[in-house]
Amino acid sequence: MPASLAFLAQRRPGWLGVAALGLAAVVLGAVAWRRAGPRRRRRLQQVGTVAKLWIYPVKSCKGVAVSEAECTALGLRSGNLRDRFWLVIKEDGHMVTARQEPRLVLVSITYENNRLIFRAPDMDQLVLPTKQPSSNKLHDCRIFGLDIKGRDCGNEAAQWFTNFLKTEAYRLVQFETDMKGRTSKKLLAPINWNYQVAYPDYSPLLVMTDASLVDLNTRIEKKVKMENFRPNIVVTGCDAFEEDTWDELLIGSVEMKRVMACSRCILTTVDPDTGIIDRKEPLDTLKSYRLCDPSERALYKSSPLFGVYYSVEKVGSLRVGDAVYRML
């Protein structure tokens, strides 16, 4: 009890003492409520179920399907397998993706005994530890005009990617958790968000629905796969493009908040099975019916929208089969 209220309780007889004690309880209750902070009760509406979870260790290379994952502030992880923590760069540090080297999508990765095993057509496998020696060189890398560091993965990895792509000299780098990520304030200005990413384009998570892909495939001659769009979380059991209306989601113990729709580029036209870039479909079809509202053109320009970027509001774990709740 505050000293002044305790003094009143001791010196005043009868009802004054009772009143003082009652006032003390109200004051202490208010202080405790303020310290705990207001907690809104959230109504949950199930909008679907997790059908697939994907981690893409190397930007633009094949994804690894997992049955469950930890969701960190930087995205999905399974053990030391992290989403887009590795990156192919030119010798000057600029990123290389399937936009420039479409055959990167043919590089598959498996995770065994804390090692990454890379495989590609007509190549011997490459085995790398998931953590590089601190003596390896730190590179200054460049992704969409923003600087970020990367730890060199050694000459063997550099030669492997150079030999496979057969165009110029490349190196492989790894992001480390004590490095500074690219901030959302620089990525998405003037949108005011506060998170960091390693080597993903714009956010830690990309969510898509299988119904939206089915809808697209009814409009296009050559069917495309979910792998063309590289989502982390695929949701089933909802209507096509229902994801456009979702803001905050709860999946497993993970809370996430919508950042923006995913604007699509020519990377979607790379065939994930052949590594051949078409430069037309499915992009042309998406442009026929998935352009943004004119009021958002400054943000999305002329790119069609397919999928939704999310930030991680509360870290936790999730798995295939988890209910997907919209938080209202």
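**View 1. Pro-282 lies in the loop between strand S19 and helix H6 (283-289) of this predicted model.** The peptide bond that joins Glu-281 to Pro-282 is cis, and its omega is near 10 degrees. Most peptide bonds are trans, and most residues other than glycine have a negative phi.

**View 2. Ser-60 sits in the loop between strand S1 (44-55) and strand S2 (64-66).** Ser-60 has a positive phi, near 80 degrees, and is not a glycine. Its relative accessibility is 3%, so Ser-60 counts as buried.

**View 3. Strands S11 (residues 138-143) and S12 (residues 146-152) form an antiparallel pair with 6 bridges.** Ile-143 has Leu-146 of S12 as its bridge partner. In the hairpin, 2 residues separate the strands. Phe-144, in the loop between S11 and S12, has a positive phi of about 50 degrees without being a glycine. Phe-144 counts as partly exposed because its relative accessibility is 38%.

**View 4. Side chains alternate along strand S11.** His-139, Cys-141 and Ile-143 point to one face and are buried.

**View 5. The largest pocket has a volume of about 650 Å³.** It is lined by 35 residues, of which Arg-99, Asp-201, Tyr-202, Ser-263 and Tyr-309 are the closest to its centre. Helix H4 (184-187), strand S19 (254-263) and helix H7 (297-300) are the elements that each give two or more residues to this lining. By class, the lining of the largest pocket holds 19 nonpolar, 7 polar and 9 charged residues.

Note on methods: Residues are numbered from 1 along each chain as its sequence is written. This is a predicted model: local features need pLDDT of at least 70, side-chain atom pairs count only at pLDDT 80 or more; totals for chains, interfaces and linings use all residues. Side-chain values use heavy atoms; hydrogens and water are left out. Buried means under 20% relative accessible area, exposed over 50%, partly exposed in between (1.4 Å probe, protein chains only). Helices (H or I, at least four residues) and strands (E, at least two) are DSSP runs, numbered from the N terminus. Two strands pair if DSSP finds at least two bridges between them. On a 1 Å grid over the protein atoms alone, a cavity is a set of points where a 1.4 Å probe fits but cannot get out, and a pocket is an open set with protein on both sides within 12 Å along at least five of seven lines; lining residues have an atom within 4 Å of a point. Grid points are joined across faces, edges and corners, and a volume is the space filled by probe spheres set on the points. Ala, Val, Leu, Ile, Met, Phe, Trp, Tyr, Cys and Pro count as nonpolar, Asp, Glu, Lys and Arg as charged, and the others, Gly among them, as polar.
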